[in-house]
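Hello,

Here is the structure I promised to pass on to you. Have a look at it first, and then read on for my notes.

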Amino acid sequence: MTTTRFFSTLTEQSKPSKSFEIDIFSPLRQWLNRIEFSDRQFAEKICHLIPASCPFERDVSAFGYTYHIPALCKINPVFEEVVNLRLRALTYLSELPS
């Protein structure tokens, strides 16, 4: 078996089977992606509301041990759309004339 054929067989096996999935967050994702910026104050408010980094990552010390709580933003189902919204607001603000 050639190497190319071996890897193509692996990728074919790793593909998920097509099953019926319901995405309940799809309307919210679409709504967030359709927001357009035409007002400086609105764009600034979005930039202030959405943090640049995940605010939930912490190091907690208790009983002589330090525990690391990882960033939980990645489990947010609309995380990518919210980050994209902040990026679009920053881009709008940067393109405004001074």
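Let me start with H3, where the face turned away from the buried side carries Gln41, Lys45, His48 and Leu49, each of them exposed. Please keep in mind that this is a predicted model. The buried residues of H3 are Ala43, Ile46 and Cys47. These three lie on the same side of H3, because they cover an arc of only 100° around the axis. As for what covers the buried residues of H3, helix H4 is part of it.

**Helix H4**

H4 runs over residues 79-95, which makes 17 residues. From its first C-alpha to its last it reaches 25 Å, close to the 24 Å expected at 1.5 Å a residue. Which residues of H4 are buried? They are Glu81, Leu85, Arg86, Ala89, Tyr92 and Leu93. They sit on the same side of H4, since the arc they cover around the axis is only 140°. Leu87, Ser94 and Glu95, on the other side of H4, are exposed. The partners of the buried residues of H4 are H2 and helix H3 (40-49), against which they pack.

Tyr92, one of those buried residues of H4, also belongs to an aromatic cluster with Phe37 and Phe42.

**Arg29 in helix H2**

H2 covers residues 26-34, and Arg29 is found in it. The side chain of Arg29 reaches the backbone oxygen of Pro77 at 2.6 Å. Leaving aside residues up to four places away in sequence, Arg29 touches Asp23, Pro77, Val78 and Glu81. Glu81 has come up already, as one of the buried residues of H4.

**Asp59 and the tyrosines**

Over to strand E1, residues 58-62, where Asp59 lies. Is Asp59 buried or exposed? Its relative accessible area is 55%, so Asp59 is exposed, the cut-off for that being over 50%. Its side chain still makes a polar contact, at 2.7 Å, with the side chain of His68. Not counting residues up to four places away in sequence, Asp59 touches Thr66, Tyr67 and His68. Asp59 and Ile69 are 10 residues apart in sequence, and their C-alpha atoms are 6.1 Å apart in space.

How many aromatic pairs does a search of the whole structure find? There are 3. In the pair of Tyr65 and Tyr67, the ring centres are 6.4 Å apart and the planes are at 45°, so the pair is tilted. Tyr65 counts as exposed at 55% relative accessibility, while Tyr67, at 44%, counts as partly exposed.

**The chain as a whole**

Finally, some overall numbers for your files. The protein chain has 4 helices and 2 strands, and along the sequence they follow the pattern α-α-α-β-β-α. Of its 98 residues, 16% count as buried. Taking the contacts between residues at least 6 apart in sequence, 60% join residues at least 24 apart. The accessible surface of the protein chain comes to about 8,600 Å², and 59% of that belongs to carbon and sulfur atoms.

Best wishes

Methods. Residues are numbered from 1 along each chain as its sequence is written. This is a predicted model: local features need pLDDT of at least 70, side-chain atom pairs count only at pLDDT 80 or more; totals for chains, interfaces and linings use all residues. Side-chain values use heavy atoms; hydrogens and water are left out. A polar contact is a pair of N or O atoms within 3.5 Å; within protein, one must be able to donate a hydrogen and the other to accept it, and residues adjacent in sequence count only if both atoms are side-chain atoms. Contact means heavy atoms within 4.5 Å. The expected span of a helix is 1.5 Å times one less than its number of residues. Buried means under 20% relative accessible area, exposed over 50%, partly exposed in between (1.4 Å probe, protein chains only). The arc is that of the directions from the helix axis to the C-beta atoms. Accessible areas come from the Shrake-Rupley method with a 1.4 Å probe; for residues, only the protein chains shown count as cover. Rings of Phe, Tyr and Trp (its six-membered ring) pair if their centres lie within 6.5 Å; planes under 30 degrees apart count as stacked, over 60 as edge-to-face and the rest as tilted.
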